[in-house]
Amino acid sequence: MSSTGATTVDARSLLWTPSDSVKDVNRRKIIRAAMADPGITQVTLAKRLLLSQGTVSTVVAELQQEGIFRVHSEEGERGKRVRLGTVRGVAVGVEVNHDRIAVAARRVDTSAVEYESVSFRADQGSSSWVRESANLIKELTVQTGLDIDHIVSIGVGIPAAVDPRTALVTQVAASLDWDITGSVQERFRDHFPDVPVIVDNEANYAAYGEHMYGAGRGTGTMLFVKASVGLGAGLIIGGLIYRGRHGYGGEIGHLTMDPDGIPCRCGNRGCLETLVGGARLLEQVRQAYAGYRADLPTSVEGMIERAKGDDAVCRRVLQDAARTIGLALARVCNLMNPELIVLGGELGRAPELLLEPMMDGLRLYALRGMVESKDPVKIVGSDLGLAAGARGALGFALMADRTVET
């Protein structure tokens with residue numbers, strides 16, 4: 001097809017190819033990266049994909065000639081920017097939480113994201129969230145102007161550990177009584193039979209979302225902390241998600257803070273979640289106001305809104321929690337020495353209240369060089385907010401080079 005032709009190309013025909021030749025693999029990688037990050041420069045493409053500048057330039061030129069890529073440069077910019085041309089497809093990301101399902105959908109030839117979330121009760125069971133997710137995916141795909149036959153990939157983030165070697169669930173979050181062992185992909189097959197479904201822990205995907213599109217863009221080593229009902233974390237090293245051997249990496253909520261503390265839902269004692277998890281924070285507010293007030297917050301979101309107002313108790317409880325999280329982060333930093341820490345989840349909605357006390361805890365217990373060097377570790381609030389997980393799932397699933405047998 002010529003670069004001036006008006007015929008559109010189905011994105012799936014570019015990505016779902018059986019060829020494993022070096023040239024075709026590199027071609028798919030470059031197309032996927034351009035879909036995942038519209039407007040990416042050729043310089044960044046080479047760095048992100050670990051390909052030579054010559055290889056990237058050659059493939060991009062060929063794809064431009066075919067009308068698949070549009071290439072342009074801006075004054076003073078290093079590297080030409082690459083966007084999709086006459087290609088049609090939709091990428092989807094799903095995040096499943098204890099009380100909410102969020103879905104993001106985006107045409108691969110644009111940067112505009114369609115996003116929606118719905119309330120969800122964990123006791124509705126594992127079958128219900130698949131059905132709810134599928135309904136949202138279908139609705140948002142239509143909003144992009146295309147239909148479900150154009151979906152090229154679906155990333156699904158769930159509150160569970162996923163074995164990176166097999167893509168199978170190894171353990172569900174301790175707070176959930178769900179049977180989602182085995183292959184989550186199979187549960188989506190009835191709704192989207194020919195679409196690759198890439199499953200991972202939801203905090204990992206939130207970390208990837210902030211790294212690709214948010215506060216962590218351009219960083220080498222980034223720790224994302226998701227603080228909501230529970231606490232989880234995702235670690236990005238060199239642009240890759242670090243999961244550990246069985247997928248348990250990032251379980252910061254189950255760091256033992258007090259060996260003689262109260263039992264945690266995971267079966268251990270004194271975990272970080274028992275001190276700063278959402279239920280514990282709400283309990284502290286109730287105890288402080290016992291016998292004095294009846295109109296108490298029933299959610300972390302409600303606590304944050306009151307803390308931003310004039311509720312000194314909510315503010316104190318949240319800031320004390322932030323200092324405790326800072327202590328836990330100091331332990332992680334002493335092991336991993338990240339460049340950046342991003343606070344997300346519900347607590348990430350109040351950076352003006354929580355980042356400084358969190359940094360106080362980090363300064364007290366981290367190695368001095370980490371916080372006093374020329375380039376100290378920084379803590380910032382999430383750019384993507386509660387959409388980080390769905391956005392990250394969307395981007396990661398696009399980058400995963402997998403073929404589908406039909």
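Modeller: Helices here are DSSP runs of H or I with at least four residues, and strands are E runs of at least two, both numbered from the N terminus. By that count Gln185 lies in helix 6, which covers residues 185-189. Keep in mind that this is a predicted model.

Biologist: Is Gln185 buried or exposed?

Modeller: Gln185 is in contact with Ala167, Val197 and Val199, leaving aside its neighbours within four places in sequence. Buried means under 20% relative accessible area. The value for Gln185 is 14%, so Gln185 is buried.

Biologist: How many helices and strands are there in the protein chain?

Modeller: They are numbered separately, each from the N terminus. The protein chain has 14 helices and 17 strands.

Biologist: How does the radius of gyration of the protein chain stand against the globule rule, and what is its value?

Modeller: The C-alpha atoms fill a box of roughly 75 × 50 × 40 Å along the principal axes. For 406 residues the globule rule gives 22 Å, and the chain is close to that, so it is as compact as a globular protein of that length. The radius of gyration is 22 Å.

Biologist: What percentage of the residues of the protein chain count as buried?

Modeller: Among contacts with a separation of 6 or more, 62% join residues 24 or more positions apart. As for burial, the cut-off is under 20% relative accessible area. Of the 406 residues, the share that counts as buried is 52%.

Biologist: Which residues have the most contacts inside the largest nonpolar core?

Modeller: In soluble globular proteins, nonpolar side chains tend to be buried together. The largest nonpolar core here has 82 residues, and those with the most contacts inside it are Phe69, Trp129, Ile154 and Ile158.

Biologist: What is Phe69 in contact with, beyond its neighbours within four places in sequence?

Modeller: Contact means heavy atoms within 4.5 Å. Part of the list for Phe69 falls at Val82, Arg83, Leu84 and Gly85.

Biologist: How much space lies in the largest cavity?

Modeller: The structure holds one cavity of 30 Å³ or more. The space in the largest cavity is about 50 Å³.

Biologist: How do the residues of its lining divide into nonpolar, polar and charged?

Modeller: The lining includes Glu95, Arg100, Lys226, Phe224 and Gly345. Strand 13 (221-227) and helix 14 each supply at least two of the lining residues. The division is four nonpolar, three polar and three charged.

Biologist: Where is Leu50 found, and what is its phi near?

Modeller: Leu50 is found in the loop between helix 3 (42-49) and helix 4 (53-65). Leu50 is exposed, with a relative accessible area of 76%. Most residues other than glycine have a negative phi. Phi of Leu50 is positive, near 60°.

Biologist: What is phi of Asn337 near?

Modeller: Asn337 lies in the loop between helix 11 (312-336) and strand 16 (340-344). Asn337 is a residue other than glycine with a positive phi, near 50°.

Biologist: Which residues is Arg107 in contact with, leaving aside neighbours within four places in sequence?

Modeller: Arg107 lies in strand 7, residues 100-107. Its relative accessible area is 18%, so Arg107 is buried. Its contacts are Arg88, Gly89, Val90, Thr144 and Leu146.

Biologist: What separates the C-alpha atoms of Arg245 and Arg165?

Modeller: Arg245 lies in the loop between strand 15 (240-242) and helix 8 (272-276), and at 58% relative accessibility Arg245 counts as exposed. Arg245 touches Asp163, Pro164 and Arg165, not counting residues up to four places away in sequence. Arg245 and Arg165 are 80 residues apart along the chain, and their C-alpha atoms are separated by 8.0 Å.

Note on methods
Residues are numbered from 1 along each chain as its sequence is written. This is a predicted model: local features need pLDDT of at least 70, side-chain atom pairs count only at pLDDT 80 or more; totals for chains, interfaces and linings use all residues. Side-chain values use heavy atoms; hydrogens and water are left out. A nonpolar core is a set of buried Ala, Val, Leu, Ile, Met, Phe, Trp, Tyr and Cys residues joined through side-chain atoms within 4.5 Å. Buried means under 20% relative accessible area, exposed over 50%, partly exposed in between (1.4 Å probe, protein chains only). On a 1 Å grid over the protein atoms alone, a cavity is a set of points where a 1.4 Å probe fits but cannot get out, and a pocket is an open set with protein on both sides within 12 Å along at least five of seven lines; lining residues have an atom within 4 Å of a point. Grid points are joined across faces, edges and corners, and a volume is the space filled by probe spheres set on the points. Ala, Val, Leu, Ile, Met, Phe, Trp, Tyr, Cys and Pro count as nonpolar, Asp, Glu, Lys and Arg as charged, and the others, Gly among them, as polar. The radius of gyration is taken over C-alpha atoms; the globule rule is 2.2 Å times the number of residues to the power 0.38.
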